Amino acid sequence: MLYVNSGNGKIPWISLVAILSISLVVNLPGLAVSPILAKLHEIFPHSNELEIQMLTSLPNLVIIPFILLSGKLAKGNKKMLVLAIGLIIFTIAGVLYFFANTMTELILLGCLVGVGCGFVIPLAASLLAIYFYGRRRVWALGMKSGISNAAVIVATLFVGWVAAYNWHLSFIVYLTPILPFLLIPFMSGKYITSHFIPDQEKVQFLKQKETDNTAAQASHPGYPLPAPAHKKIVKLLLSVIALYVICTYATTTVSYCLPFTMGHYGFDSGIVGIATAMFFLSATVAGFTLPVVMKTIGSVTIPVSILISAVGLLLVSLFHSLPIYIIGVFLIGYGYGIVQPIIYDKTTAIAPNKSLANQYFAYVLTGNYIAISVVPFFIKLMAAIFHTTTEASPNFAFYLNAVILAILFITALVMRKAYVFHTDPVSFKARHAKHAPLNGSKKLEVRS
């Protein structure tokens with residue numbers, strides 16, 4: 001049997017593959033069908049642009065409460081049950097899409113996709129956080145981010161291609177949950193622990209930390225952390241969520257607005273699919289190259305990544321040729337693809353203990369999907385404030401978000417030593433380990 005280093009021992013490769021297979025579905029709701037938004041506008045001519053955009057925004061809005069529910073339910077040995085339920089609901093919705101012929105039916109099925117995916121999303125990250133430690137966790141989360149974005153590359157290219165033949169075929173991508181469902185036995189805690197090969201030194205260290213954590217929690221019955229530590233953790237968590245919300249909102253503009261912008265300049269759905277896929281391709285590349293990037297630019301990784309996305313937005317808003325669209329969208333996605341797994345790693349570090357990782361990921365991912373859901377509505381609001389419309393000014397959204405990220409870049413550069421913007425993977429955690437006194441992985445991360 002092949003094994004992979006988890007940071008405190010070895011787990012089967014098949015278990016890593018199984019857990020990473022969940023990432024194939026987490027980005028699919030709404031985003032996978034974005035290349036055919038303009039085509040659906042033609043198929044349903046009585047629907048306006050906002051109603052068409054609801055096909056991508058509503059699933060992500062519905063996801064939010066079910067992410068939180070998953071965070072509450074997926075505890076102990078219930079993780080695989082919650083995962084199975086979510087994947088089954090997702091697959092059923094994917095089958096029903098082939099029989100949908102009205103805008104109302106499409107929107108309702110999008111909501112059902114949101115329900116299923118909401119149960120699944122936190123587990124894609126939290127299972128990696130549970131079984132991986134230190135720099136191996138950063139590596140695994142980078143793999144997760146890369147795979148989830150690679151799945152959307154394939155989906156968007158496929159959707160843009162088959163839409164020319166039959167728009168119903170676009171929804172084949174929503175049958176992807178079948179694969180992780182079949183692999184559930186290999187990602188169960190029972191299977192992984194029975195095949196786990198421990199690193200004895202690190203296991204002893206973790207046992208001691210667990211003993212210390214239990215004693216500390218026992219001294220504060222009914223409250224998992226001392227009040228000052230708890231307040232500090234809440235503050236750090238909220239700052240990480242805020243960063244994720246802004247970056248997600250600003251870059252998701254590509255999926256919502258690029259089809260209409262490129263359509264305005266005469267590009268067909270197949271070309272739009274290629275340009276949109278560049279976002280996810282670059283995010284995939286970013287996920288796989290994350291350790292090298294962090295090692296190269298260290299503490300300014302987040303500010304530089306934000307700047308890269310801002311430059312990409314500016315290029316898309318100013319120039320309207322296919323090569324510039326591809327370059328601009330690639331930059332937008334690359335910057336976001338660097339920030340995303342760093343945020344996941346910070347979330348794991350903030351969580352007081354491993355058992356709360358899924359719940360903390362649920363909070364962070366809720367912020368992410370709120371950001372995705374409000375994109376079309378916020379842009380409409382800002383357009384109204386500036387007395388314009390997205391139809392009259394198809395580049396407005398890209399101008400707006402380039403400015404937002406420029407402001408965030410300046411903030412991140414000035415505050416680069418703050419936890420939320422700092423990305424030195426070793427020295428920073430060593431200096432700030434006291435902020436999360438019950439997190440048993442802190443010293444291990446420095447040593448691993």
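V4 stands opposite I11, and I11 belongs to strand β2. That is where I want to start. Strands here, like helices, are DSSP runs numbered from the N terminus: a strand is E with at least two residues, and a helix is H or I with at least four.

Before I go on, a word on the source. This is a predicted model, so local features need pLDDT of at least 70 and side-chain atom pairs count only at pLDDT 80 or more, while totals for chains, interfaces and linings use all residues. Residues are numbered from 1 along each chain as its sequence is written, and side-chain values use heavy atoms, with hydrogens and water left out.

Back to the strands. Three bridges join β1 to β2, residues 9–12, and the two run antiparallel. Two strands pair if DSSP finds at least two bridges between them. β1 and β2 form a hairpin, with three residues between them. Look at G7 in that turn: its phi is positive, about 105°.

β2 and β3 pair over two bridges. As a reminder, strands of a sheet pair through backbone hydrogen bonds, either parallel or antiparallel.

Axes are lines fitted to C-alpha atoms, for helices over the stretch in contact, and angles run from 0 to 180 degrees between N-to-C directions.

Let's zoom out. How many helices and strands are there? The protein has 18 helices and three strands. It has 448 residues, and 58% of them are buried. Buried means under 20% relative accessible area, exposed means over 50%, and partly exposed is in between, with a 1.4 Å probe and protein chains only. Contact means heavy atoms within 4.5 Å. Take the contacts with a separation of 6 or more: 81% of them join residues 24 or more positions apart.

Next, two helix pairs. Two packed helices are described by the angle between their axes and the distance between the axes.

Pair one is α4 (residues 79–96) with α5 (residues 103–131). The angle is about 145°, and the axes are 8 Å apart. This crossing is left-handed. That word applies if the near helix is turned anticlockwise from the far one by less than a right angle; clockwise gives right-handed. On the α4 side, the residues that meet α5 include L83, L87 and F90. On the α5 side, those that meet α4 include L112, F119 and L123. By class, this contact has 18 nonpolar, two polar and one charged residues. Ala, Val, Leu, Ile, Met, Phe, Trp, Tyr, Cys and Pro count as nonpolar, Asp, Glu, Lys and Arg as charged, and the others, Gly among them, as polar.

Pair two is α14 (residues 322–350) with α15 (residues 357–385). They pack at about 150°, with axes 9 Å apart. Their crossing is right-handed. Y336, I343 and Y344 are among the α14 residues that meet α15, and F361 and V364 are among their counterparts.

Is N358 buried or exposed? At 2% relative accessibility, it counts as buried. Leaving aside neighbours within four places in sequence, N358 is in contact with S70, G71, A74, P122, L123 and S126. N358 and T347 are 11 residues apart in sequence and 9.9 Å apart in space, C-alpha to C-alpha.

S170 is in the loop between α6 (134–162) and α7 (178–182). S170 is buried, with a relative accessible area of 0%. What does S170 touch, not counting residues up to four places away in sequence? I36, V159, V162 and A163.

P394 is in the loop between α15 and α16 (396–414). P394 is buried too, at 15%. P394 touches T261, H264 and Y265, again not counting residues up to four places away in sequence. And P394 and L258 are 136 residues apart in sequence, yet 8.9 Å apart in space, C-alpha to C-alpha.
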